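Me: Hey, I've just been handed this one and I'm new to it. Can we go through it together?

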Amino acid sequence: MTSLYANLSEAVAAHGLALRGGFHPAPDDASPDAGEGRATRTLVLVGNVGPDLWPHFAPHADGGRDALDRWTRATIEPIADRFAARCVFPFDTPPLPFQRWAMRAEPVRPSPLGILMHPDHGLWHAYRAALLFAEAVDLPSPDARPIPCDTCADKPCLTACPVGAFSGQGYDVPACAGHLASPEGIGCMTGGCRARDACPVAADRNYAPDQIRFHMAAFKRAVCG
Ligand code: B12
Ligand code: SF4
Ligand code: SF4
């Protein structure tokens, strides 16, 4: 018999999305309930990895605000209904702790850039939704691989930003935003974040150029207004 996880994986893959593991939440995981006041027994993450999402989403990139968030909601809600789950999103406010959940669900840890590093996908992945189940769902075996940052001696990601936004003191968002708003920021706007791009891990899983430009435009709107 095929498992619910396998069927769900197939349902999201039809839209260029991927299951990103799951876990059975404890009280300090801050999981929302599964709807109608029922506790969440299993939380499963949905996201995108490598270039797989873009061909599915690109026809819906309508130039309006939050196009990817709107598409995600329209895509995931019917799947959640079909599998008797409630869905929540990384763009919900106040923000839900998606990165903390990801560290419970799959072998990811913060890179020196802050965004999570995955051993197979490098920095080329993101989270799009969490499905909350009132019934326990069987999950794949835990994957406890270390992340490549642990053994990356040179850390080229830390020196590639033209304005030094990653100095070891965290991410200097105002410095990054100032650069993106200036004429010199064109390199980042068209080629993507230089720091993220400098990472050698899974370089062949980089997003397509159109997807890079789409995310950079959305990011600039978020940090520059
Ligand atoms: C606000 C926000 C931003 C802000 C501020 C980010 C910052 N570094 O200060 C801005 C607009 C600047 C931003 C920028 C970007 N973001 Co952003 N952002 C978010 C958002 C919406 C909320 C983050 C938050 O405040 N969480 C609050 C607490 C409640 O959640 P949390 O899981 O506990 O998160 C924190 C912990 O992970 C903690 N943390 C860090 N290290 C460690 C270590 C340990 C051991 C623990 C326990 C916790 C911990 O720091 C996290 C952030 O504060 C999340 C989506 C989400 N809901 O998580 C995306 C998110 C973090 N962003 C994401 C991305 C990809 C980006 C960008 C690359 C731009 C882009 N969209 O393409 C840049 C790069 C930022 C960078 N280098 O850090 C992805 C990261 C995916 C990944 N691989 O990790 C997320 C998860 C969105 C998504 N859809 O997947 N972002
Ligand atoms: S360059 Fe090295 S330290 Fe930086 S994100 Fe990539 S693997 Fe991690
Ligand atoms: S987008 Fe450009 S300015 Fe901003 S952190 Fe990345 S490399 Fe630096």
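Me: Let's start with ligand 3. How do the residues of the shell around ligand 3 divide into nonpolar, polar and charged?

Reply: That shell has 12 nonpolar residues, 1 polar and 1 charged. Keep in mind that this is a predicted model.

Me: Okay, and which residues are closest to ligand 3?

Reply: Out of 14 residues surrounding ligand 3, the closest are Cys161, Cys176, Cys188, Cys193 and Arg194.

Me: Which element gives the most to the shell around ligand 3?

Reply: That's α5, with 3 residues. As for the space ligand 3 takes up, it is the largest pocket.

Me: Switching to the overall layout. Which domains is the protein divided into?

Reply: Domain 1 covers 4–147, and domain 2 covers 149–224. Their C-alpha centres are 23 Å apart.

Me: How many residues are in contact between domain 1 and domain 2?

Reply: On the domain 1 side there are 28 residues, and they are in contact with 23 residues of domain 2.

Me: On to ligand 1, then. Where does ligand 1 sit, and how many residues surround it?

Reply: Ligand 1 sits in the largest pocket. It is surrounded by 22 residues, and the closest are Leu96, Arg100, Leu113, Leu116 and Tyr127.

Me: Which backbone atoms lie by an oxygen atom of ligand 1?

Reply: Arg100 has a backbone N or O atom 2.8 Å from an oxygen atom of ligand 1. For Leu116, a backbone N or O atom also lies 2.8 Å from an oxygen atom of ligand 1.

Me: What about a nitrogen atom of ligand 1?

Reply: There it's Leu113, with a backbone N or O atom 2.9 Å from a nitrogen atom of the ligand.

Me: Which elements each supply at least two residues of the shell around ligand 1?

Reply: Those are α4 (98–105), β6 (125–133) and α8 (209–224). In terms of domains, the shell draws at least three residues from domain 1 and at least three from domain 2.

Me: Last topic: the backbone. Which peptide bond is cis?

Reply: The one from Thr93 to Pro94 is cis, with omega near -10 degrees. Pro94 is in the loop between β3 (86–88) and α4. For background, most peptide bonds are trans.

Me: Which residue has a positive phi although it is not a glycine?

Reply: That would be Ala30, at about 55 degrees. Most residues other than glycine have a negative phi.

Me: And where is Ala30 found?

Reply: Look in the loop between β1 (18–23) and β2 (42–49).

How values were computed. Residues numbered from 1 in each chain as written. Chains lettered and ligands numbered in written order. Predicted model: local features only at pLDDT ≥ 70, side-chain atom pairs only at ≥ 80, totals over all residues. Heavy atoms only, no water. Near = heavy atom within 4 Å. Polar contact = N/O pair within 3.5 Å; in protein donor to acceptor, adjacent residues only side chain to side chain. 1 Å grid on protein atoms, 1.4 Å probe; cavity = no way out; pocket = protein on both sides within 12 Å on 5 of 7 lines; lining within 4 Å. Sits in = over half its atoms within 2 Å of the grid points. Helix = DSSP H or I, 4+ residues; strand = E, 2+ residues; numbered from the N terminus. Domains from an automatic or database assignment. Contact = heavy atoms within 4.5 Å. Nonpolar A, V, L, I, M, F, W, Y, C, P; charged D, E, K, R; others polar.
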